[in-house]
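Welcome! Take a moment to look over the protein below, and then we will walk through its features one topic at a time.

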Amino acid sequence: MRLDEKVVIVTGGAMGIGRAIANDFHDEQAFVVVADQAGAEDAAAELSRSNRPALGITCDVSQKEDTEAMARAVLDEFGRIDVLVNNAGIYSSLEPKPFEELEIEEWRSLFDVNVIGAFLACKAVAPAMKSQGGGRIINISSGTPFKGVPFMLHYVASKGAINAMTKALAKELGGAGILVNGVAPGFTLSDGVRANPVQLEKLQEISLQARVLARDQVPDDIVGAVTFLASEDAAFMTGQTLVVDGGAYFH
Ligand SMILES: NC(=O)c1ccc[n+]([C@@H]2O[C@H](COP(=O)([O-])OP(=O)(O)OC[C@H]3O[C@@H](n4cnc5c(N)ncnc54)[C@H](O)[C@@H]3O)[C@@H](O)[C@H]2O)c1
């Protein structure tokens with residue numbers, strides 16, 4: 001009951017890590033909003049089969065109109081926004097390659113979602129959180145900028161930007177009672193990753209070997225840290241990014 005009746009938005013919540021977070025929030029008695037460019041309504045319908053409603057919103061976080069419409073729809077339905085999880089991101093479709101082979105369009109389209117998408121979602125929910133006297137923003141980062149993982153430079157840079165945004169936004173919004181933190185997973189067998197044989201071949205075994213806890217990481221490994229940051233247990237914590245990767249990187 002740690003999130004009893006809190007209104008929580010999970011972007012990219014229809015599958016993968018976001019879906020696991022949405023499920024855990026629902027189990028903690030929150031009203032869950034799944035905001036995703038695909039599959040949001042189905043994911044919400046599945047959650048709504050229990051006696052607590054969930055809302056699915058089709059939303060491309062890289063589009064300002066979509067994020068604004070998302071915030072309006074949540075306020076119309078539930079009257080408040082307590083937690084935003086910026087999870088939507090381009091990762092699982094990527095194939096590692098040298099930076100010289102990356103095109104400018106690949107950088108732009110990835111940054112549009114991973115960085116500008118998080119910015120737009122924060123901007124859309126901040127007015128409601130401010131008028132309520134507080135809220136929580138949790139950014140899903142990655143272990144890659146901490147470790148300097150090679151061969152996906154645009155992605156690593158985007159998550160480095162997310163880490164910086166977590167700190168700077170924590171300072172901008174702390175006075176309004178809005179706490180901004182991050183969670184940085186290691187290589188995780190999400191739905192998207194499981195569907196990408198190149199990533200599995202190149203990254204699964206090497207990631208496992210690099211961990212103190214030498215097994216595959218799965219989406220459920222991440223939800224505990226996210227739910228903690230959304231809960232009262234983390235009420236005096238902001239600007240932090242927790243690395244959750246089985247002990248591959250000590251932060
Ligand atoms: N899987 C990993 O190894 C790993 C590791 C560290 C961090 N992450 C991060 O975790 C997050 C989720 O990754 P995943 O592996 O679960 O991905 P996934 O591909 O399994 O799921 C991503 C979800 O985000 C949605 N999405 C993508 N672009 C969107 C957009 N523009 N607007 C709204 N929704 C959008 C997709 O529809 C999908 O439902 C990403 O931010 C990713 O960078 C993943």
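Being four residues apart in helix α4, W107 and F111 are separated by about one helical turn; helices here are DSSP runs of H or I with at least four residues, strands are DSSP runs of E with at least two, and both are numbered from the N terminus. This is a predicted model, where local features need pLDDT of at least 70, side-chain atom pairs count only at pLDDT 80 or more, and totals for chains, interfaces and linings use all residues. Residues are numbered from 1 along each chain as its sequence is written, and side-chain values use heavy atoms, leaving out hydrogens and water.

**Aromatic pairs**

- The rings of W107 and F111 form a stacked pair, 5.6 Å centre to centre with 25° between the planes.
- Rings of Phe, Tyr and Trp (its six-membered ring) pair if their centres lie within 6.5 Å; planes under 30 degrees apart count as stacked, over 60 as edge-to-face and the rest as tilted.
- W107 is partly exposed at 27% relative accessibility, and F111 is partly exposed at 23%.
- For these labels, buried means under 20% relative accessible area, exposed over 50%, and partly exposed in between, using a 1.4 Å probe and protein chains only.
- Searching the whole structure gives four aromatic pairs.
- Another of them joins Y91 and Y155, a tilted pair with 4.6 Å between centres and 40° between planes.
- Y91 sits in the loop between β4 and α4 (104-132), while Y155 belongs to helix α6 (residues 153-174), so this pair ties together parts that are 64 residues apart in sequence.
- Y91 is buried, with a relative accessible area of 16%, and Y155 is buried too, at 6%.

**Nonpolar cores**

- Which residues touch the most other members of the largest nonpolar core? They are I21, F25, V85, V183 and V226, in a core of 31 residues.
- A nonpolar core is a set of buried Ala, Val, Leu, Ile, Met, Phe, Trp, Tyr and Cys residues joined through side-chain atoms within 4.5 Å.
- At least two residues of this core come from each of β1 (7-11), α1 (16-27), β2 (31-36), α2 (40-48), β4 (83-86), β5 (135-140) and α9 (220-230).
- Helix α9 supplies the largest share, six residues.
- Leaving aside neighbours within four places in sequence, V85 is in contact (heavy atoms within 4.5 Å) with I9, V10, T11, I21, F25, I138, I140 and V226.

**A cavity and a pocket**

- On a 1 Å grid over the protein atoms alone, a cavity is a set of points where a 1.4 Å probe fits but cannot get out, and a pocket is an open set with protein on both sides within 12 Å along at least five of seven lines; lining residues have an atom within 4 Å of a point.
- The second largest pocket holds about 210 Å³ of space.
- Its lining has α4 and α6 as the elements that give two or more residues, and α4 provides the largest share, six residues.
- Among the residues lining this pocket are F119, K123, M165 and E172.
- The largest cavity holds about 60 Å³ of space, and residues lining it include T11, N86, N114 and K159.
- Helix α4 gives the most to the lining of this cavity, with four residues.

- T241 is in strand β7 (residues 241-244) and counts as buried at 10% relative accessibility.
- Not counting residues up to four places away in sequence, T241 touches S141, F146, N163, T166, G182, V183, A184 and H251.
- G79 lies in the loop between α3 (64-78) and β4 and counts as exposed at 53% relative accessibility.
- Most residues other than glycine have a negative phi.
- Q29, although not a glycine, has a positive phi of about 75°; Q29 lies in the loop between α1 and β2.
- F151 also has a positive phi, near 75°, and lies in the loop between α5 (144-147) and α6.
- Q29 is partly exposed at 23% relative accessible area, and F151 is partly exposed at 49%.

Note on methods
Points joined across faces, edges and corners; volume = space filled by probe spheres on them.
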